[in-house]
Amino acid sequence: MHSLRNLALLLLLIACSPASADDTHNSPAQLDIGLALGSGGAGGLAHIAMLQVFDELQIRPARISGSSIGAVIGVLYAAGLDGNEIHDIFGEFGGSNLDALSRLMRPGADLGLSDLLRLDLGNGGLLDSSGFIDFLKTKVEARHFADLTIPLEVVATDFWSGEMVVLKDGPLFPAIAASMAVPVLFSPVAVGEDLLVDGGTSNPLPFDLLTGRHARVVAIDVTGSRTPGESGEAEITDMLFNTFKIMQQSIIKARMLGHPPDLYLKPDTGNVLMLSFHRVEQTMDDAQPAAEQLREQLRSWRDERE
């Protein structure tokens, strides 16, 4: 009888004992990290390399804030896809810049150049992003912010006032369409009573939405840099998109003067033009030094917590 009691007591102690360090690392660690994913066109593919580091260390962000391409990649991650799955989605876009853009607009279709240049000038933009939004919908089950496994806040800009608009409730994909509505390229998006354009025009790196709400804030800046070409002159497309980046970088610098994030990373995306979504592998490779910085810092924070 005493032996049975002792055995029962032993089993109870084992059941109530804390998990080992190895067991802790086998489930996502909760470090209360807010993750800001910034605007930057195809340079935003570097975000994927950062998300792979979170996956590798099994650390789950407590909240994500995203602007433009950061909102696009953020919604895929917040909906439950991992970094590798998101990489595979963008890996579907191949060929030339025009090829990549045509697949973004109407993925899965047999498209020619006339389809790519389908004008949407009547609605205030050059191209219609609805094909890409429909494509995103096929990759996730979530349709509302409440369906996401990680809370997400999406940044867009009120066209009339120029003020930042934060979308975090209600239908998901109109918010994503608004956040990525680059002026001139894509049409503005009506959300409720607001007419919204790209979040990068008001807050291209929305780490300030996370400040004071989480123990640590990580911000990924994918606006890149500019270097002269062989001729020393900028082509017209470079002028259009790089001027937009200059504006974004100025906004980020101003916001950094207030309460900067705990970790600010700027992957090398200088050689990636705004619409070069076909260069996913090169962008991922170029982002590895920044990914290693993230890896070291996350390990340090995890060790401090343990």
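**Reading a buried helix and its neighbours**

Mentor: Let's start with helix α4, where ten of the ten residues are buried, so the helix is largely enclosed by the rest of the structure. Keep in mind that this is a predicted model.

Trainee: Which residues of α4 are buried?

Mentor: They are I69, G70, A71, V72, I73, G74, V75, L76, Y77 and A78.

Trainee: How do I read the packing of two helices? At what angle do α4 and α5 pack?

Mentor: Look at the angle and the distance between axes together. Helix α4 (residues 69-78) and helix α5 (residues 83-91) pack at about 125 degrees, and their axes are 9 Å apart. The two helices are therefore oblique to each other. The crossing of α4 past α5 is right-handed.

Trainee: Which residues meet there?

Mentor: From α4 come I69, V72, I73, L76 and Y77, and they meet G83, I86, I89 and F90 of α5. Eight residues of this contact are nonpolar, one is polar and none is charged. There is a general idea behind such spacing: an α-helix has 3.6 residues a turn, so residues three or four places apart point the same way. In α4, I69, V72, I73 and L76 are among the residues that face α5.

Trainee: Now α3. How does it lie against α4, parallel or oblique?

Mentor: Their packing angle is about 30 degrees, with the axes 11 Å apart. That makes α3 roughly parallel to α4, since angles under 35 degrees count that way. On the α3 side the contact is made by H47, I48, L51, F54 and D55, and on the α4 side by G70, I73 and Y77. These divide into five nonpolar, two polar and one charged.

Trainee: What is D55 in contact with, beyond its sequence neighbours?

Mentor: Leaving aside neighbours within four places in sequence, D55 touches Y77, D82, G83 and N84. D55 and G83 are 28 residues apart in sequence, yet their C-alpha atoms are 7.0 Å apart in space. With 27% relative accessibility, D55 counts as partly exposed.

Trainee: Which residues of α3 and α12 meet?

Mentor: A49, M50, V53, F54 and E56 of α3 meet Q288, A290, A291, L294, R295, L298 and R299 of α12. Helix α3 (residues 46-56) and helix α12 (residues 288-305) pack at about 30 degrees, with axes 9 Å apart. That makes α3 roughly parallel to α12, and the crossing is right-handed. The contact divides into eight nonpolar, one polar and three charged residues.

Notes. Residues numbered from 1 in each chain as written. Predicted model: local features only at pLDDT ≥ 70, side-chain atom pairs only at ≥ 80, totals over all residues. Heavy atoms only, no water. Axes fitted to C-alpha atoms, helices over the stretch in contact; angles between N-to-C directions. Helix = DSSP H or I, 4+ residues; strand = E, 2+ residues; numbered from the N terminus. Parallel < 35°, antiparallel > 145°, perpendicular 65-115°, else oblique. Left-handed = near helix turned anticlockwise from the far one by under 90°. Contact = heavy atoms within 4.5 Å. Nonpolar A, V, L, I, M, F, W, Y, C, P; charged D, E, K, R; others polar. Buried < 20%, exposed > 50% of the residue type's maximum accessible area, 1.4 Å probe, protein only.
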